[in-house]
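Have a look at the sequence and the model, and try each task before reading on.

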Amino acid sequence: MLYTISSLLIILSLVIYIVSLQSKIKKLEARQTLPFKGDKALEKQIVEMNNNDSSQVEMVKLVRNETGLGLVSAKKYVDKVLNHI
């Protein structure tokens, strides 16, 4: 009897944990799909940093600080800007 109750409590805890993780995943997916419209001033800064031999890491940090984008999105944005030079 005790074994059954403890098993049910463990299963219930896991179900609650899974549901909370699914909620967090949905929120992250919604944030990631938000389009970022290019900012000409930011693009100019990236080009200047590239011309001054700054590392791509520094450019990605700049984009993340200015826009709040995640690491992957900021990297893609920097790549996009640098490919259009």
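**Exercise 1.** Does Met1 count as buried or exposed?

*Solution.* First, some ground rules: this is a predicted model, in which local features need pLDDT of at least 70 and side-chain atom pairs count only at pLDDT 80 or more, while totals for chains, interfaces and linings use all residues. Residues are numbered from 1 along each chain as its sequence is written, and side-chain values use heavy atoms, with hydrogens and water left out.

Step 1: take the scale, where buried means under 20% relative accessible area, exposed over 50%, and partly exposed in between (1.4 Å probe, protein chains only). Step 2: apply the scale to Met1, which counts as exposed because its relative accessibility is 78%. Helices here are DSSP runs (H or I, at least four residues), numbered from the N terminus.

**Exercise 2.** Find the residues that make a nonpolar surface patch of about 560 Å².

*Solution.* The areas come from the Shrake-Rupley method with a 1.4 Å probe. Step 2: read off the members, which are Met1, Ile5, Leu9, Leu12 and Ile16.

**Exercise 3.** Work out how H2 and H3 are arranged relative to each other.

*Solution.* Step 1: start with the geometry; H2 (residues 40–51) and H3 (residues 56–67) pack at an angle of about 160°, and their axes are 10 Å apart. Axes are lines fitted to C-alpha atoms over the stretch in contact, and angles run from 0 to 180 degrees between N-to-C directions. Step 2: classify, given that angles under 35 degrees count as roughly parallel, over 145 as roughly antiparallel, 65 to 115 as roughly perpendicular and the rest as oblique. H2 and H3 are therefore roughly antiparallel. Step 3: look at the loop between H2 and H3, where Asp53 is found. Asp53 has a phi near 60°, a positive value in a residue other than glycine. Most residues other than glycine have a negative phi. Asp53 is also exposed, with a relative accessible area of 71%.

**Exercise 4.** Now do likewise for H3 and H4.

*Solution.* Step 1: H3 and H4 pack at an angle of about 115°, with axes 9 Å apart. Step 2: H3 and H4 are therefore roughly perpendicular. Step 3: pick out Tyr77, which belongs to helix H4 and is buried at a relative accessible area of 6%. Tyr77 and Arg64 are 13 residues apart in sequence, and their C-alpha atoms are 10.0 Å apart in space.

**Exercise 5.** How many salt bridges does the structure hold?

*Solution.* Step 1: apply the criterion, a side-chain nitrogen of Lys or Arg within 4 Å of a carboxyl oxygen of Asp or Glu. Step 2: count them; the structure holds two. Step 3: describe each pair.

- Lys40 pairs with Glu43, their closest N and O atoms being 3.8 Å apart. Being three residues apart in helix H2, Lys40 and Glu43 are separated by about one helical turn. Lys40 is exposed at 65% relative accessibility, and Glu43 is partly exposed at 22%.
- Asp79 pairs with Lys75, their closest N and O atoms being 2.8 Å apart. Both lie in helix H4 (residues 71–83), four residues apart, about one turn of the helix. Asp79 is partly exposed at 23% relative accessibility, and Lys75 is partly exposed at 34%.

Key. Patches are made of residues with over 30% relative accessible area and no salt bridge: like charges are joined within 9 Å, nonpolar side chains (Val, Leu, Ile, Met, Phe, Trp, Tyr) within 5 Å. Helices (H or I, at least four residues) and strands (E, at least two) are DSSP runs, numbered from the N terminus.
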